[in-house]
Amino acid sequence: VRQEEEYGRRLAQARIEANIDALTGVKNRNAYRVYEDRLNAQIEMDRAPEFAIVILDVNDLKKVNDTEGHKAGDQFLRDACKIICTTFKRSPVFRVGGDEFCVLSQGDDLARIDELIEQMNEHNDDAIRNGGIVIALGMARYEHDDKVAPVYERADQIMYDNKSDLKI
């Protein structure tokens, strides 16, 4: 019985770890795929909720890693993640790449999405002036697309455009 209980605890812990990014503590790419699959199923059944996807890219992470070391780079990434999570308080945040995050906004955050994007833009303006963490971003709304992927791709393209605009 004790072995079964221990096995159950370990299995539960493995499931958590399979969906959480160890460095930042937010959901990881695997967790994003689960959310995406669920939304795709809802889209297929014509029951998709309104949502928006925000793609965020932490500028200068490579530079921090190269000049100050990976420990400083890890802290830089955690600090950037905190900015993202503080801004998008009511949305799941996913680390989907080395320096790239994805936010899936619904509900309250979706209702305020333009305001939240503006907050991030103001943060970037301040960060550029004062040497803080600059986070390029792009947002796209679900427009009755046939899958989640086109929404993600639109947000990603807007983020790349924003990243080019933010180069000083």
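Trainee: How many bridges join β2 to strand β4?

Mentor: This is a predicted model, where local features need pLDDT of at least 70, side-chain atom pairs count only at pLDDT 80 or more, and totals for chains, interfaces and linings use all residues. Residues are numbered from 1 along each chain as its sequence is written, and side-chain values use heavy atoms, with hydrogens and water left out. Strands are DSSP runs of E, at least two residues, and helices are runs of H or I, at least four residues, numbered from the N terminus. A52 stands opposite S105 in β4. β2 and β4 (residues 100-105) run antiparallel, and the bridges joining them number six.

Trainee: In what order do the five strands form the open sheet?

Mentor: Two strands pair if DSSP finds at least two bridges between them. The pairing in this sheet is mixed. Its edge strands, each pairing on one side only, are β1 (27-28) and β5. The order is β1-β3-β4-β2-β5.

Trainee: Is L56 buried or exposed?

Mentor: Buried means under 20% relative accessible area, exposed over 50%, and partly exposed in between (1.4 Å probe, protein chains only). Contact means heavy atoms within 4.5 Å. Leaving aside neighbours within four places in sequence, L56 is in contact with residues including I84, F88, F101, V103 and M120. At a relative accessible area of 0%, L56 is buried.

Trainee: How many of the seven residues of β2 are buried?

Mentor: A52, V54, L56 and V58 point one way from β2, while I53, I55 and D57 point the other way. Both sets are buried. β2 is therefore largely enclosed by the rest of the structure, and its buried residues number seven of the seven.

Trainee: How many disulfides does the structure hold?

Mentor: A disulfide is a pair of cysteine sulfur atoms within 2.5 Å. The sulfur of C85 has its closest cysteine sulfur in C81, at 3.9 Å, which is too far for a bond. C102 is in no disulfide either, with the nearest cysteine sulfur, that of C85, 12 Å away. The count of disulfides is zero.

Trainee: What is the relative accessible area of C85?

Mentor: C102 counts as buried, at 0% relative accessibility. C85 is partly exposed, and its relative accessible area is 30%.

Trainee: Within what arc do the buried residues of α7 fall?

Mentor: The buried residues of α7 include V151, Y152, A155, D156 and M159. The arc is taken from the directions from the helix axis to the C-beta atoms. Seen down the axis, the buried residues line one face of the helix, because they fall within an arc of 130°.

Trainee: Which exposed residues does the face of α7 turned away from its buried side carry?

Mentor: The buried residues of α7 are covered by elements including α2 (29-44), β2, β4, α6 (113-130) and β5. The face turned away from that buried side carries E153, S164 and D165.
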